[in-house]
Amino acid sequence: LQGIFVLGLPYALLHSGYSGLLLIVLAAALCCYTGTILIACLYEENEDGQLVRVRDTYEDIANACCKKLSPSLGGIVVNVTQVVELIMTCILYLVVSGNLLSHSFPYVPVTEKTWSVIAFVTLLPCVFIRTLKIVSKLSQLCSLVHFVIILVVITYCLTQIHQWSWTKFRLSLEFEDFLVSVGVIIFSYTSQIFLPTLEGNMKNPGEFRCMLNWTHFFACILKTTFALTAFLTWGEKTKEVITDNLPSFLETLVNLCLLTKALLSYPLPFFAATEIVYSCISKGNHSNYRSPLLALAVRGSFLLLTLLMAMFTPHFALLMGLSGSVTGAAMTFLLPSLFHLKLKWKKLSFLEKCADVSVFILGFLCSLAGIVCSVKGLLEVFG
């Protein structure tokens with residue numbers, strides 16, 4: 001999903017101007033911060049003052065915060081939110097795959113939905129993925145394809161450097177367009193759902209914070225460079241997905257790379273969603289719940305669900321925006337800051353408390369603005 005959002009960053013600059021450049025840096029800092037405090041919630045100090053990992057998942061953190069109200073309420077809310085966001089992401093990959101195939105082979109008499117089914121067939125082996133190692137290898141290939149796409153676009157833009165002009169940047173902003181830019185920029189950095197699992201699987205978890213800082217730093221540099229060079233090249237003609245601005249021969253090549261990236265990206269959210277559901281089911285005491293057959297059934301059901309929703313849900317992009325405004329903002333800003341305040345209140349300095357409260361308010365405003373824009377779009381579509 002990050003790759004899809006990254007391709008919209010030049011368009012975001014078109015509507016946000018100079019403030020968009022600041023937002024790219026600010027979003028990196030905020031998402032890095034919420035990732036750090038989320039992982040901090042996994043640890044507690046023992047009698048010797050050493051930090052010990054007492055929680056393993058986002059669900060465990062939520063349950064610890066809500067244990068006085070209900071032992072499992074927080075975990076249920078977090079799990080439902082995570083599954084909704086992950087499944088919507090999987091569906092988006094199928095929709096995007098169908099769209100990319102349709103644009104790459106316009107002369108083939110096949111509908112976009114049929115192309116989505118063809119893409120779905122290539123994803124059937126996902127039901128047999130049982131470990132994170134396989135997913136990580138696919139994600140590595142996905143990252144490699146992502147860099148190829150960025151490199152192709154930036155290289156082409158550098159060949160057009162003679163027509164660059166800073167006068168293309170806007171000074172005046174339209175509030176609604178600016179909100180769209182905020183959503184694109186912020187959610188190009190989101191990864192909080194995967195962080196507890198990632199940190200728990202590191203050989204040296206003590207290096208997690210350093211890793212998070214450096215990855216967000218380099219992501220910020222890469223995204224700023226990419227967005228800036230692309231916008232300076234096309235200016236007011238910048239399209240929503242920047243690959244649509246490329247010459248036809250390059251556009252087809254990049255679209256096929258994007259298709260590969262979408263298909264390689266699918267297993268990560270799919271695996272995460274099915275693992276959450278299966279772990280919830282297997283908490284029961286019945287041995288049948290732990291059978292490999294049930295795990296296969298859960299993965300198969302989820303795979304089919306993503307196809308059916310991609311095929312038959314009208315105006316999916318608007319629904320994705322609506323759910324993303326709720327689940328994305330909640331998982332990225334609202335819950336990490338809220339949980340950190342709840343679990344670490346007595347140990348936080350005044351400035352740290354102010355930072356958490358500010359992030360919570362910002363996340364709430366982003367979520368509210370996204371919901372308003374998405375509902376307005378749905379109302380316009382349905383007349």
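Guide: On the α3 side the contact is made by Leu30, Tyr33, Thr34 and Ile37, and on the α15 side by Glu352, Ala355, Asp356, Val359 and Leu362. By class, the residues of this contact divide into 6 nonpolar, 1 polar and 2 charged. The model is a predicted one, and the geometry that follows is computed from it. Two packed helices are described by the angle between their axes and the distance between the axes. Here helix α3 covers residues 18-40 and helix α15 covers residues 350-381. They pack at an angle of about 115°, and their axes are 12 Å apart. The crossing of α3 and α15 is left-handed.

Helix α15 also holds Val357. With a relative accessibility of 38%, Val357 counts as partly exposed. Leu341 is 16 residues from Val357 along the chain, and the C-alpha atoms of Val357 and Leu341 are separated by 8.3 Å.

Another residue to look at is Trp214, which is found in helix α10, residues 208-234. Trp214 is partly exposed, at 48% relative accessibility. Its C-alpha atom is 9.5 Å from that of Cys32, although Trp214 and Cys32 are 182 residues apart in sequence.

Next come the cysteines. The structure holds 0 disulfides. A disulfide is a covalent bond between the sulfur atoms of two cysteines. The cut-off for a disulfide is 2.5 Å between the sulfur atoms. Cys41 is buried, with a relative accessible area of 0%. For Cys257, the closest cysteine sulfur belongs to Cys142 and lies 11 Å away, again too far for a bond. Cys257 also counts as buried, at 17% relative accessibility, the cut-off for buried being under 20%.

The largest nonpolar core has 99 residues, and the members that touch the most others are Leu94, Tyr189, Phe226, Tyr266 and Phe339. Take Leu94: apart from neighbours within four places in sequence, Leu94 is in contact with Ser116, Ala119, Phe120, Leu123, Tyr266, Thr306, Leu307 and Ala310.

Two loop residues remain. Phe128 lies in the loop between α6 (112-122) and α7 (132-159). At 58% relative accessibility, Phe128 counts as exposed. Neighbours within four places in sequence aside, Phe128 is in contact with Leu296 and Arg299. Leu296 is 168 residues from Phe128 along the chain, while the C-alpha atoms of Phe128 and Leu296 are separated by 7.1 Å.

Pro247 has its place in the loop between α10 and α11, the latter being residues 248-265. The relative accessible area of Pro247 is 21%, and Pro247 is partly exposed. Pro247 and Ser181 are 66 residues apart along the chain, and their C-alpha atoms are separated by 25 Å.

Notes:
Residues are numbered from 1 along each chain as its sequence is written. This is a predicted model: local features need pLDDT of at least 70, side-chain atom pairs count only at pLDDT 80 or more; totals for chains, interfaces and linings use all residues. Side-chain values use heavy atoms; hydrogens and water are left out. A nonpolar core is a set of buried Ala, Val, Leu, Ile, Met, Phe, Trp, Tyr and Cys residues joined through side-chain atoms within 4.5 Å. Buried means under 20% relative accessible area, exposed over 50%, partly exposed in between (1.4 Å probe, protein chains only). Contact means heavy atoms within 4.5 Å. Axes are lines fitted to C-alpha atoms, for helices over the stretch in contact, and angles run from 0 to 180 degrees between N-to-C directions. Helices (H or I, at least four residues) and strands (E, at least two) are DSSP runs, numbered from the N terminus. A crossing is left-handed if the near helix is turned anticlockwise from the far one by less than a right angle, and right-handed if clockwise. Ala, Val, Leu, Ile, Met, Phe, Trp, Tyr, Cys and Pro count as nonpolar, Asp, Glu, Lys and Arg as charged, and the others, Gly among them, as polar.
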